[in-house]
Amino acid sequence: MTGEREDGLPEDWEVLSRADARALAPPPGAKERVRLQVAVTLGLGATLGAGAASTAAVGGAAGAGGAAGQAPAAEGAIAAATKALLVKKVVVATVAAATAVTGGTAAYVEVRARHEESARRAAAVLHVATAPAPPAAPALPLQPAEEPTPAPVETPAPSILDTLGDERTLLDQARVAISRGRFSEAEVLLGRHAQAFPEGRLVEEREALHIRLLVREGHLGEAHRRAALFRQQHPRSIQLPVIDEALRGRR
Amino acid sequence: MTEGVPPAALALARKADVPTAPDFAAAYDAEFEAVWLYVRRLGVPEADVEDAVHDVFVVAHRRYATYDPSRPLRPWLLGIAFRIAAQWRRQRRHEVALAEPAMDVPDGGQGPDDVVASEQAKSQLHAALAQIDLHQRAVVVMHDLNGISVPEIATALDVPLNTVYSRLRLGRAKVAAVLRGQ
């Protein structure tokens, strides 16, 4: 280090900061990988940027490409990212189970980290190997075939994402995050619920939690606005006392 | 050097509860690197930074109603990034505390900044920043590396103006001392 500037920083501050920016710069492909994940989480599809797919498909060449005419590839990559996100969502349930068994936050943190890393690797593989989506399973006929099936047909296990239990898991985690002051995490969990269950059975509870989160973060104006809208849309909701209590909590 | 705020990224054009997809995509393109560098400089390691940046943009999208488009976008985004980085650090500290038995910890445990320091001695400045308090670091980086004004920082971090000045003064002094080798 040489002398000092008037503000007390070293004279070579700009040289140091440029070197720092170079050292910490995102690696090739990171921007597009994150873009895809954000698009999937928010349900924005290909609209968050068409440059994503081409980059992801080649395993992460740098560049802010992006042009028209890449929509099919973009959809493929987004489908891949969606698969990765589904893995993550299944992991949420797995982790919830682990937490229930052990009762320990440590297990939660460790398992989540491990599985999210797996999901990230899976996403990378899927990006590279993105192919047209596999054909959908043939729909079951409404009427049974002529011959009665002697044994009960082995139906596939219901999607874990479609169950009330999964809605409950996400919202419970969001509630815990709010009460422990982990507001960003709560925001993400509520967003995941909204993404996975836009018409879910617990949407009123989700909205009530969202209002509570806003209150806890000090965004009272937005909280009151959403509460008024909620009251208008769900005048008989069982969540109204919960919302009123949350709003009173900061008064 | 200040990584100034590009005019194109000063604000999302329209005010609504949710930004339009093209506006959000433009903001993402303009601000991705700044957000990335900010969370890295706040101590989130390379292995976690993609998740952290993802969370920043997801939260920004969902909280768009709280953004004032008459103000520049970057400070608002970095304010979100600060909260997410702080959350990561709390989580990391908790993980380390639970994962490592006391007898295996030579120097009182590896905190987030130790992780950063051991992960990369890539940059002299980064190593110096890792030595200072997170709140001071958040201000020094925003002001002296991102070129954001003190009033904007106060708004973004939701702290009083004088607190920002104080953190900036203390943070600068510590960084300079570390860089001098004191």
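A residue is taken here as buried if 20 or more other C-beta atoms lie within 10 Å of its own, as exposed if 12 or fewer do, and as partly exposed in between, with C-beta atoms placed from the backbone. On that scale, 45% of the 182 residues of chain B count as buried. The model is predicted, so local features need pLDDT of at least 70 and side-chain atom pairs count only at pLDDT 80 or more, while totals for chains, interfaces and linings use all residues. Residues are numbered from 1 along each chain as its sequence is written, with chains lettered from A and ligands numbered from 1 in the order in which they are written.

Chain B has 8 helices and 0 strands; helices (H or I, at least four residues) and strands (E, at least two) are DSSP runs numbered from the N terminus. Its elements accordingly read α-α-α-α-α-α-α-α from the N terminus on. With contact defined as C-beta atoms, placed from the backbone, lying within 7 Å, residues 24 or more positions apart account for 68% of the chain B contacts with a separation of 6 or more.

Helix H6 of chain B (residues 134-145) is largely enclosed by the rest of the structure, because 10 of its 12 residues are buried. Among them are B:Val139, B:Val140, B:Val141 and B:Met142, along with the charged-side-chain positions B:Arg137 and B:Asp144. After H6(B) comes B:Gly147, with a positive phi near 70°.

Turning to the interface, 44 residues from chain B meet 41 residues from chain A. H1(B), spanning 21-41, is one of the helices supplying at least two residues to the side of chain B that touches chain A, and H1(B) gives the most, with 11 residues. By class, that side of chain B has 21 nonpolar (Ala, Val, Leu, Ile, Met, Phe, Trp, Tyr, Cys and Pro), 14 charged (Asp, Glu, Lys and Arg) and 9 polar residues (the others, Gly among them).

In chain A, the axes of helix H6 (residues 164-179) and helix H8 (residues 203-217) come within 10 Å and cross at roughly 15°. H6(A) is therefore roughly parallel to H8(A), a term for angles under 35 degrees. A:Leu171 and A:Ile178 are among the H6(A) residues in this contact, and A:Leu209 and A:Leu213 among those of H8(A). The residues of the contact divide into 5 nonpolar, no polar and 5 charged.

Notes
Axes are lines fitted to C-alpha atoms, for helices over the stretch in contact, and angles run from 0 to 180 degrees between N-to-C directions. Angles under 35 degrees count as roughly parallel, over 145 as roughly antiparallel, 65 to 115 as roughly perpendicular and the rest as oblique. Two residues are in contact if their C-beta atoms, placed from the backbone, lie within 7 Å.
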